[in-house]
Amino acid sequence: VILPLFGDGEQDWPQGLRAFLYFLGLMWCFMGVAIIADVFMAGIEKVTSKKIRVWDSKKQRFYTFEVWNATVANLTLMALGSSAPEILLNVIDIFAKEFYLEGLGPGTIVGSA
């Protein structure tokens with residue numbers, strides 16, 4: 001396990017200092033997730049807003065069509081994003097147990113949907 005970060009000597013530090021440092025680390029992680037989510041969503045909007053132009057030779061004009069149904073694409077990605085913590089937890093569990101299936105397993109992912 002990772003904690004305590006600074007070894008057993010950390011237990012001798014004042015509790016307020018340790019709480020502040022762990023809180024600072026937690027905020028750092030939350031900011032990282034927020035930045036990654038913003039970048040991810042900007043990319044998703046670019047992908048789901050793609051359109052194509054098709055030439056109709058009978059009517060001699062172009063028609064523009066959306067490649068993705070925006071509602072379906074956004075709902076699918078929202079479901080994936082909301083299940084990401086459970087999926088990541090399951091992946092970490094699998095690696096921690098050297099690929100032996102026990103504990104969380106597929107029920108974690110199925111139960112989160």
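The following legends describe close-up views of a predicted model.

The model is predicted, and local features are given only at pLDDT of at least 70, side-chain atom pairs only at pLDDT 80 or more, whereas totals for chains, interfaces and linings use all residues. Residues are numbered from 1 along each chain as its sequence is written, and side-chain values use heavy atoms, with hydrogens and water left out.

**Figure 1. Overall arrangement of the protein chain.** The secondary structure comes to 3 helices and 2 strands, in the order α-β-β-α-α along the sequence. Helices (H or I, at least four residues) and strands (E, at least two) are DSSP runs, numbered from the N terminus. Of the 113 residues, 8% count as buried. Here buried means under 20% relative accessible area, exposed over 50%, and partly exposed in between, with a 1.4 Å probe and protein chains only.

**Figure 2. Helix α2 and its kink.** Helix α2 covers residues 70-96, and its 27 residues should span 39 Å at 1.5 Å a residue; the end C-alpha atoms are 38 Å apart, which agrees. The expected span is 1.5 Å times one less than the number of residues. A kink of about 50° lies at A84, shortly before the proline P85; the bend at a residue is the angle between axes fitted to the seven residues ending there and the seven starting there. Within α2, the residues A73, S83, N90 and D93 are buried.

**Figure 3. The two ends of helix α2.** At the start of α2, a side-chain oxygen of N69 comes to within 3.2 Å of the backbone nitrogen of T71. This is a polar contact, defined as a pair of N or O atoms within 3.5 Å; within protein, one must be able to donate a hydrogen and the other to accept it, and residues adjacent in sequence count only if both atoms are side-chain atoms. Just after α2, E98 adopts a positive phi of about 50°.

Figure 4. T48 belongs to helix α1 and, at 11% relative accessibility, counts as buried. Its side chain reaches the backbone oxygen of E45 at 3.4 Å. S49 is found in the loop between α1 and β1 and is partly exposed, with a relative accessible area of 46%. A polar atom of the S49 side chain lies 2.9 Å from the backbone oxygen of E45. S49 and W68, 19 residues apart in sequence, have C-alpha atoms 7.1 Å apart in space.

**Figure 5. The salt bridge between E10 and R18.** Side chains of opposite charge can pair when their charged atoms come close. The closest N and O atoms of E10 and R18 are 3.8 Å apart, and the count for the model comes to 1 salt bridge. A salt bridge is a side-chain nitrogen of Lys or Arg within 4 Å of a carboxyl oxygen of Asp or Glu. E10 counts as buried at 1% relative accessibility, whereas R18 counts as partly exposed at 22%.

**Figure 6. A nonpolar surface patch.** I2, L3, L5, F6, W13, L17, F20, L21 and L24 make a nonpolar surface patch of about 900 Å². Patches are made of residues with over 30% relative accessible area and no salt bridge; like charges are joined within 9 Å and nonpolar side chains (Val, Leu, Ile, Met, Phe, Trp, Tyr) within 5 Å. Accessible areas come from the Shrake-Rupley method with a 1.4 Å probe; for residues, only the protein chains shown count as cover. L3 lies in the segment before α1 and, at 52% relative accessibility, counts as exposed.
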